[in-house]
Amino acid sequence: MKLIIIEDEKPAARRLQRMLSKIDIDVQTMLHSVAESIAWLKNNEHPDLIFLDIQLSDGLSFEIFDHVKTDSSIIFTTAYDEYALRAFKLNSIDYLLKPIDEDELKAAIKKFKNTQQSAENININNLRSLLNLSEKRTYKTRFTAQVGQHLKLVDVSDITCFYSENKATFLHCYSGRNYPVEVSLEQLEEELDPDKFYRINRKCIMNISAISDIVSYTNSRLEIKLENFNEFQLVVSRERVKGFKTWLNN
């Protein structure tokens with residue numbers, strides 16, 4: 001099987017290459033932009049399969065197929081939300097949600113081998129419309145908190161974590177201060193950058209930059225130490241440990 005990876009984040013591309021190597025699939029070519037991909041596809045034999053990131057450094061990867069026709073099958077990789085994933089299903093295109101899970105990767109390869117679908121059969125324009133990806137997704141950069149009669153602005157970069165307690169949600173700052181916010185953890189999962197924040201259990205969403213230590217805990221769980229956070233013990237729930245480790249290495 002001849003396979004290439006098109007991904008603008010080189011660490012993510014190398015990680016996918018290593019994951020494929022574990023299942024005896026060798027990737028010789030990794031491309032990192034729309035322009036580079038167009039040039040390569042115009043001058044080389046097309047592969048059997050392309051792993052394709054949607055948002056590249058110089059535009060959407062869909063633009064590649066405005067310039068190059070190919071019979072290669074495609075597995076998209078994406079960090080977009082459930083709405084986007086439904087769009088992929090409607091178009092019968094396989095996808096991998098970042099950070100990529102090893103079991104899902106194996107399943108995608110199996111699906112490719114069983115039912116191959118080429119880029120020629122993909123309605124690229126329909127996907128553009130369904131995903132509404134004219135711009136990169138933006139995330140919250142600040143929050144407001146009520147402090148007495150005043151509203152305090154808190155920048156996301158100053159927040160170590162968000163947590164729920166007594167049916168209320170709080171943000172915790174590097175300074176050690178806590179502030180209540182009128183938003184649920186479920187809403188925060190949609191509003192925060194998933195590259196920086198991860199929900200470790202039902203009570204807490206933490207900032208990767210605030211981690212001071214990670215310690216093995218009972219029942220194959222992990223305990224997280226955050227800077228200046230002493231409200232309660234932070235433990236990654238058992239069902240989230242695998243995803244958490246993948247997120248750390250993305």
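Colleague: How many salt bridges does the count come to?
Modeller: The model is a predicted one. A pair counts when a side-chain nitrogen of Lys or Arg lies within 4 Å of a carboxyl oxygen of Asp or Glu. By this rule the count comes to 6 salt bridges.

Colleague: With which residue does Lys242 form a salt bridge, and how far apart are the closest N and O atoms?
Modeller: Lys242 forms a salt bridge with Asp101. This pair links distant parts of the chain, 141 residues apart: Lys242 is in helix α8 (residues 241-248), and Asp101 is in the loop between β7 (94-97) and α5 (102-114). The partner is Asp101, and the closest N and O atoms are 3.5 Å apart.

Colleague: Is Asp101 buried or exposed?
Modeller: Buried means a relative accessible area under 20%. Lys242, at 46%, is partly exposed. Asp101 has a relative accessible area of 17%, so Asp101 is buried.

Colleague: Which residue forms a salt bridge with Glu189?
Modeller: Glu189 has a relative accessible area of 38% and is partly exposed. The closest N and O atoms of the pair are 3.1 Å apart. The salt-bridge partner of Glu189 is Arg199.

Colleague: What is the N to O distance in the salt bridge of Glu223 and Lys225?
Modeller: Glu223 counts as buried at 11% relative accessibility, and Lys225 counts as partly exposed at 36%. Their side chains meet in a salt bridge, with an N to O distance of 3.0 Å.

Colleague: Which residue is the bridge partner of Glu165 in β11?
Modeller: Strand β10 (residues 159-165) and strand β11 (residues 168-173) pair in the antiparallel sense over 6 bridges. In β11, the bridge partner of Glu165 is Ala168.

Colleague: Which residues of α8 are buried?
Modeller: The buried residues of α8 pack against α1, β13, β14, β15 (211-217), β16 (221-226) and β17 (234-236). These buried residues are Val241, Phe244, Thr246 and Trp247.

Colleague: At what angle do the axes of α1 and α5 cross?
Modeller: In this packing, Leu16, Met19, Leu20 and Lys22 in α1 meet Glu102, Leu105 and Ile109 in α5. The crossing is right-handed. The two helices are therefore roughly perpendicular to each other; the axes of helix α1 (residues 10-22) and α5 come within 11 Å and cross at roughly 70°.

Colleague: Which residue stands opposite Ile214 in β16?
Modeller: β15 and β16 pair in the antiparallel sense over 6 bridges. The two strands form a hairpin with 3 residues between them, and Asn219 in the turn has a positive phi of about 60°. The residue opposite Ile214 is Ile224.

Colleague: What is the bridge partner of Ile224 in β17?
Modeller: β16 and β17 run antiparallel and are joined by 3 bridges. In β17, Ile224 has as its bridge partner Leu234.

Colleague: What is the relative accessible area of Glu7?
Modeller: Glu7 is placed in the loop between β1 (3-6) and α1. Beyond its neighbours within four places in sequence, Glu7 is in contact with residues including His32, Asp53 and Lys98. Glu7 is buried, with a relative accessible area of 4%.

Technical notes: Residues are numbered from 1 along each chain as its sequence is written. This is a predicted model: local features need pLDDT of at least 70, side-chain atom pairs count only at pLDDT 80 or more; totals for chains, interfaces and linings use all residues. Side-chain values use heavy atoms; hydrogens and water are left out. Helices (H or I, at least four residues) and strands (E, at least two) are DSSP runs, numbered from the N terminus. Buried means under 20% relative accessible area, exposed over 50%, partly exposed in between (1.4 Å probe, protein chains only). Two strands pair if DSSP finds at least two bridges between them. Axes are lines fitted to C-alpha atoms, for helices over the stretch in contact, and angles run from 0 to 180 degrees between N-to-C directions. Angles under 35 degrees count as roughly parallel, over 145 as roughly antiparallel, 65 to 115 as roughly perpendicular and the rest as oblique. A crossing is left-handed if the near helix is turned anticlockwise from the far one by less than a right angle, and right-handed if clockwise. Contact means heavy atoms within 4.5 Å.
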